[in-house]
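Dear colleague,

I am handing over the structure below, together with some notes on what was found in it. Please read the notes with the structure open beside them.

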Amino acid sequence: MMLTEQFAESSPLLREQVWLEICQSAFDVCLEGFSKVRKCSVEGRSTMTTDNIALHDALNSIHLCRPPRGKHYVDNFLRSAMLNEEELMAWVRDNWESYAYRHIQGLLTQTLFSLLNSKRLKDATAVIDSLYDLPDGESTSTLGMLSQSADATFSRAFNSTFRRQSLMM
């Protein structure tokens with residue numbers, strides 16, 4: 001029995017849940033990548049938005065894709081980078097609970113580092129540290145190491161899985 005036939009025999013609810021998880025993972029990966037960009041022009045941000053729309057349309061062409069943190073969630077993040085400093089910090093205060101610390105930190109680094117001196121970026125980082133209840137200095141050391149470690153673990157697992165599958169094909 002082929003893998004596609006086995007999947008067809010599973011319950012419709014299970015198939016929908018698996019599809020929802022696939023869609024969610026795709027948008028999570030996009031947000032992760034977008035938040036790690038160090039410098040981004042207006043054209044680059046526009047391209048990110050276009051890529052997000054293309055991903056949404058492609059997934060929807062396969063099957064309806066409406067994850068909780070999907071296209072609109074990523075678009076909201078991308079639009080926030082177009083705000084001025086005061087509006088951006090207000091957006092961060094309003095939305096910090098919806099995004100991971102590393103995403104907000106990446107957004108501030110992308111947006112404020114080019115506009116402000118490092119003192120202002122440090123002040124902005126102190127604000128998000130207080131929102132996430134982080135002790136002084138933990139944001140850049142401990143969380144950075146944990147994030148890099150998790151990224152490396154995911155990367156190794158992802159690469160080995162897909163390398164193995166491509167060798168089987």
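In what follows, buried means under 20% relative accessible area, exposed means over 50%, and partly exposed is anything in between (1.4 Å probe, protein chains only). Please keep in mind that this is a predicted model, in which local features need pLDDT of at least 70 and side-chain atom pairs count only at pLDDT 80 or more, while totals for chains, interfaces and linings use all residues. Residues are numbered from 1 along each chain as its sequence is written, and side-chain values use heavy atoms, with hydrogens and water left out.

To begin with the cysteines, a search of the whole structure finds one disulfide, a term used here for a pair of cysteine sulfur atoms within 2.5 Å. This disulfide joins Cys23 to Cys65, with an S to S distance of 2.4 Å. Because Cys23 lies in helix α2 (residues 12-36) and Cys65 in the loop between α3 (42-62) and α4 (71-80), the pair ties together parts that are 42 residues apart in sequence. Both Cys23 and Cys65 are buried, whereas Cys40, at 26% relative accessibility, counts as partly exposed. Helices here are DSSP runs (H or I, at least four residues), numbered from the N terminus.

Turning to helix α5 (residues 85-95), its buried residues are Leu88, Met89, Trp91, Val92 and Asn95. They lie on the same side of α5, because they cover an arc of only 155° around the axis, the arc being that of the directions from the helix axis to the C-beta atoms. On the other side of α5, Glu86 and Asp94 are exposed.

Best regards

Conventions: Helix = DSSP H or I, 4+ residues; strand = E, 2+ residues; numbered from the N terminus.
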